[in-house]
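I am opening this notebook to record what I looked up, entry by entry, with the sequence and the model side by side.

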Amino acid sequence: MSETAAVVAWVEDDPEVVGDAAELAERLGGEVWAATAAAAPDALAAAGAARVLLLDGAGAEVGAAALAGLPAPRVFLVAGTPAGNDLAPRLAGRLGATCLLDCARVLAAGEGPAADLVVERWAYDDRAQERWLVPAGAPAVVALRPGSRGAPRPRPRPAEVVRLESPAGPRARRRRRLPADPGSVRLAEAERIVAAGLGIGSRDLLPVVAELARLLGAAVGASRPLADRGWVPFERQIGTTGQQVSPRLYLAIGISGATQHLGGLRAAETVVAVNTDPACPMMARATLAAVGDASQVVPALVRCLRERRGDR
Ligand SMILES: Cc1cc2nc3c(=O)[nH]c(=O)nc-3n(C[C@H](O)[C@H](O)[C@H](O)COP(=O)(O)OP(=O)(O)OC[C@H]3O[C@@H](n4cnc5c(N)ncnc54)[C@H](O)[C@@H]3O)c2cc1C
């Protein structure tokens, strides 16, 4: 049994990331150690771990402290679950290491422990992958998106099981949870969306639409022509070539409801449409439809909501 590992894998429950670690360790030359608070040691040994490090399960801060005390491996691979994504930057912070989240895979650019690492990471809403070079000698913590590579190839071996003590208590404590800012939350996660289409006439109405969204605690979305014109950033576009959304409330202002737009909001619960054309497809999709001119309806809604809140 070696006194250090080439790769340490942090596993929440699924041993998938141990497979990545084993492939990388074969190229770098060295062992894989797997750290876990919950996974079965047998499953980790079957995936190629030479040593299983049992953490005490007390959360990201304590786990990071325990892993940071290990004799430095070439790289830590972390299963990019919410808990893993919590742990990875804490561990990297303690080590002064490069930290890359939401990655697709890690390759060795050569053979042996001095090989550089090439990390492939998802970008542009998964439409592209970027490649990061981590030079030999630089410690790295890489979180790999779970569920994308499948069960690891069997590499059964006897594994030493060791309980890993955390040298110190948590450095950080959660005091309160801040709610997400609806204005900047990813559209896919938004509970309410106010979306604008070409029926708003000009970009001059966009600040009023944004104010309406703010008053409703909603995120701003748009149809494609607004993104094409550069009135809103592309990540605000909803539809088959934009974001798929599932809000509880979708307020569509001046959007006709083309198939490609409606394709992005199949999972929306309540759809409210404001449009001058009562026969357009968005009105048919809507739970509540208001026939009217956006340039009058949107400011009127803003006034009404402000009055209700007691704003001037
Ligand atoms: C391959 C492909 C992919 C596409 N992907 C997407 C996509 O992801 N998302 C997307 O949105 N589109 C997409 N499109 C474009 C789509 O086909 C439509 O052209 C687009 O959705 C129309 O946007 P709109 O409803 O804002 O504009 P329009 O279709 O022009 O509709 C404007 C609406 O505003 C109403 N209106 C006009 N004046 C007023 C007023 N004063 N007040 C209120 N209402 C008014 C009109 O009655 C009309 O219903 C795609 C197209 C293709 C070919």
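I began with the pair α5 and α9, whose crossing is left-handed (a crossing is left-handed if the near helix is turned anticlockwise from the far one by less than a right angle, and right-handed if clockwise). Helix α5 (residues 206-216) packs against α9 at an angle of about 35°, and the two axes are 9 Å apart. For these values, axes are lines fitted to C-alpha atoms, for helices over the stretch in contact, and angles run from 0 to 180 degrees between N-to-C directions. Helices (H or I, at least four residues) and strands (E, at least two) are DSSP runs, numbered from the N terminus.

I noted that this is a predicted model, in which local features need pLDDT of at least 70 and side-chain atom pairs count only at pLDDT 80 or more, while totals for chains, interfaces and linings use all residues. Residues are numbered from 1 along each chain as its sequence is written.

Next I listed who meets whom between α5 and α9: Val 208, Val 209, Glu 211, Leu 212 and Leu 215 of α5 make the contact with Val 298, Pro 299, Leu 301, Val 302, Leu 305 and Arg 306 of α9 (two residues are in contact if their C-beta atoms, placed from the backbone, lie within 7 Å). By class, the residues of this contact are nine nonpolar, no polar and two charged; here Ala, Val, Leu, Ile, Met, Phe, Trp, Tyr, Cys and Pro count as nonpolar, Asp, Glu, Lys and Arg as charged, and the others, Gly among them, as polar.

I then turned to the sheet of five strands, which is open, with parallel pairing in the order β11-β10-β12-β13-β14 (two strands pair if DSSP finds at least two bridges between them). Because β11 (219-222) and β14 (288-291) stand at the edges with a single partner strand each, one side of each is left without a neighbour in the sheet. On average, neighbouring strands of this sheet are turned by 15° against each other, direction ignored. Helix α5 packs on this sheet as well, touching β10 (192-196), β11 and β12, and its direction makes about 170° with that of β10. Between strand β12 (residues 249-253) and β13, which run parallel, I found five bridges, and Tyr 250 stands opposite Val 271 in β13.

Which residues are closest to the ligand? They are Gly 197, Gly 199, Arg 224, Gly 239 and Ser 256, out of 28 residues that surround the ligand (near means a C-beta atom, placed from the backbone, within 6 Å). The elements giving two or more residues to this shell are α6 (224-228), α7 (259-262), β13 (270-275) and α9 (294-309). The shell has eight nonpolar, 17 polar and three charged residues.

Strand β6 (residues 117-123) pairs with β7 in the antiparallel sense over seven bridges, and Trp 122 has Gln 129 as its bridge partner in β7. In the hairpin of β6 and β7, with four residues between the strands, Tyr 124 takes a positive phi near 50°.

Last, I checked α3 (residues 60-68) and α4 (residues 82-95), whose axes come within 8 Å and cross at roughly 45°. That makes α3 oblique to α4, since angles under 35 degrees count as roughly parallel, over 145 as roughly antiparallel, 65 to 115 as roughly perpendicular and the rest as oblique. The crossing of α3 and α4 is right-handed.
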